[in-house]
Each structure stands twice: as structure tokens, then as C-alpha cells.
Amino acid sequence: MTAREIKLSDPWLHALQSEFAAPYMQDLSAFLRAEKQAGKQIYPTGEVIFAALNATPLESVRVVILGQDPYHGPNQAHGLSFSVPPGIRVPPSLQNIYKELVSDVGITMPSHGNLMAWAEQGVLLLNAVLTVQAANAGSHQGRGWERFTDRVIQVINQRQQNVVFMLWGAYAQKKGQVIDRDRHLVLQAPHPSPLSAHRGFMGCRHFSQANTYLKQHGKVEIDWQIR
């Protein structure tokens, strides 16, 4: 990928610059260009592919919530896992996340699904795969994004201390196997999807556990209320 294509803030760009020079990322860039030239709609738009990293600088990361793919419906994906822009219907998994927050920390049920307020507090909302073809879930898996986001997790694991990783579902938990459990807090639960939330996501109390851990380690707690 070229510097013009990357659109990534300096701290992350410095930490990940070797990845952008790697052959797999060049292949990924070529794939994305070919998809666009073939007339395929790609989500999210290019300028917000790295929105999660740009919204949450490396030195500010306190919590990581790991998703899998961007949303593949019109106007849903905007670069943050589980989040949608204002005016877009709150997706079912995020509805369950909100329900757990109401039960766990007593927030008022939000009226929208934009999680940027979390990102700006140090909650990295990272998808494992950063692009998807419209109406074709999982279409960009296995193209290189997973290797790139593995490196993002490794950088946080190595350079930061006492970060809370929320790993929901088997996919996220497998991806998080590299995390040093002595250095960070890893919280695991089933995915908040309606298909699995009842198997242990509801009642997991990850949000209060995260704040307790952050406070114990001298960090500011997250205000989970979405206004």
C-alpha cells in the first residue's frame, strides 16, 4: 500500500510500517483495487478503513473489543467494530451489548449505535477483517487483513500494560491466544449475536470487570454510557 492509500495516524503508522511494506499487504491492496475496478461496492469507504486505529491512538488503548467483519449492509460500516453511524438501526449484536450494559453497569439504553464515544476514551473497536463486499459477508476473509490485525494485537500486547481484551466468540478467542495474560486482562464470553448471546454473553459483566481492573491499575474507568 502507498502512503496515500494508508490514511493512518503517525503512532500506529510508525508501529505498523513494516506490515505495509510486506508482500501480503501489497497483494491485499491489489485485490482491493481490482474489486473496485470490477465495480464491486466495498465497505467501509476507503477513508475510514482504519477509523478504529485513528480514533484510538496506540498510547491511549485501555480496552480492546474485537469483532470479525465490517457490516455488509448499506451505510452500516464506518470502521469501528459493532458500531454503526447515527441514523442507522442498531444491529442485533449491539442491541445485546447494550442490554448487557444496562444490566451490568446501569446505563440508560442508547438511542443510536455510534460507539465513537468509546473509541475516544481508549476502547479500540477492532475488526479482524477491515473490508467487505456489499451484501457478501466474509467476502474479504483470507486476503491478508487477519495477518495485519494480528500484528495490531501483538503491538498492543508488547507495548502497552494492563489493557482489557474482550474476546466474544470462538473466532475472537482464537485470535487473542497471543495475549500475555500476566500483563493484561482477557475476558471471554460467547458472541453477543442473537444466536449465541443466551449461552453466556448475557450476564458476563465484562464492562464492570473492565472498569474494576482499570481502576486497580491506576487507569481512568470507561464511561460506557452512549449519549
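**Residues 54-214**

I began with the span 54-214, whose end C-alpha atoms lie 22 Å apart and which is 31% helix and 14% strand. I was working from a predicted model throughout. The UniProt record, an unreviewed entry, lists residues 54-214 under "domain: Uracil-DNA glycosylase-like".

**D69**

I then looked up D69, because the unreviewed UniProt entry carries the annotation "active site" there, and I noted that the annotation may be inferred rather than shown by experiment. In the model D69 sits in the loop that runs between β2 (63-67) and α5 (92-105).

With G138 I could be specific, as the side chain of D69 reaches the backbone nitrogen of G138 at 2.8 Å.

**The largest pocket**

Next I turned to the largest pocket, for which I noted a volume of about 500 Å³.

**Q68 and A128**

I went back to the loop between β2 and α5 for Q68, which I recorded as partly exposed with a relative accessible area of 33%. With residues up to four places away in sequence not counted, Q68 touches N127, A128, V129, Q141 and Y171. I also took the distance from Q68 to L126, which are 58 residues apart in sequence but 8.2 Å apart in space, C-alpha to C-alpha.

A128, one of the residues that Q68 touches, is in the loop between β3 and β4 (132-133), and I noted it as buried, with a relative accessible area of 0%. Its contacts, again without residues up to four places away in sequence, are L66, G67, Q68, W145, E146, T149, Y171 and K175. For A128 and R181, which are 53 residues apart in sequence, I noted a C-alpha to C-alpha distance of 20 Å.

**S193**

I looked up S193 in the loop between β6 (185-189) and α9 (206-216), where S193 is buried with a relative accessible area of 16%.

**Cavities**

How many cavities of 30 Å³ or more does the structure hold? I found two, and the largest cavity has a volume of about 40 Å³. Its lining consists of I49, F50, A52, L53, G79, L125, L126, N127, L130 and F148. The elements that give two or more residues to this lining are α4 (51-55) and β3 (123-127), and β3 provides the largest share, three residues.

**Helix α2**

For helix α2 (residues 10-20) I listed W12, A15, L16, E19 and F20 as the buried residues. They cover an arc of only 150° around the axis, which puts them on the same side of α2. An α-helix has 3.6 residues a turn, so residues three or four places apart point the same way. On the face of α2 turned away from this buried side I found the exposed residues D10 and H14.

**Backbone geometry**

The peptide bond from Y43 to P44 is cis, with omega near -10°, and P44 lies in the loop between β1 (42-43) and α4. N75 has a positive phi, near 65°; N75 belongs to the loop between β2 and α5 and is exposed, with a relative accessible area of 58%. A135, which is not a glycine either, has a positive phi of about 60°; I placed A135 in the loop between β4 and α7 (145-159) and noted it as exposed at a relative accessible area of 66%.

Terms used: Residues are numbered from 1 along each chain as its sequence is written. This is a predicted model: local features need pLDDT of at least 70, side-chain atom pairs count only at pLDDT 80 or more; totals for chains, interfaces and linings use all residues. Side-chain values use heavy atoms; hydrogens and water are left out. Buried means under 20% relative accessible area, exposed over 50%, partly exposed in between (1.4 Å probe, protein chains only). Helices (H or I, at least four residues) and strands (E, at least two) are DSSP runs, numbered from the N terminus. The arc is that of the directions from the helix axis to the C-beta atoms. A polar contact is a pair of N or O atoms within 3.5 Å; within protein, one must be able to donate a hydrogen and the other to accept it, and residues adjacent in sequence count only if both atoms are side-chain atoms. On a 1 Å grid over the protein atoms alone, a cavity is a set of points where a 1.4 Å probe fits but cannot get out, and a pocket is an open set with protein on both sides within 12 Å along at least five of seven lines; lining residues have an atom within 4 Å of a point. Grid points are joined across faces, edges and corners, and a volume is the space filled by probe spheres set on the points. Contact means heavy atoms within 4.5 Å.
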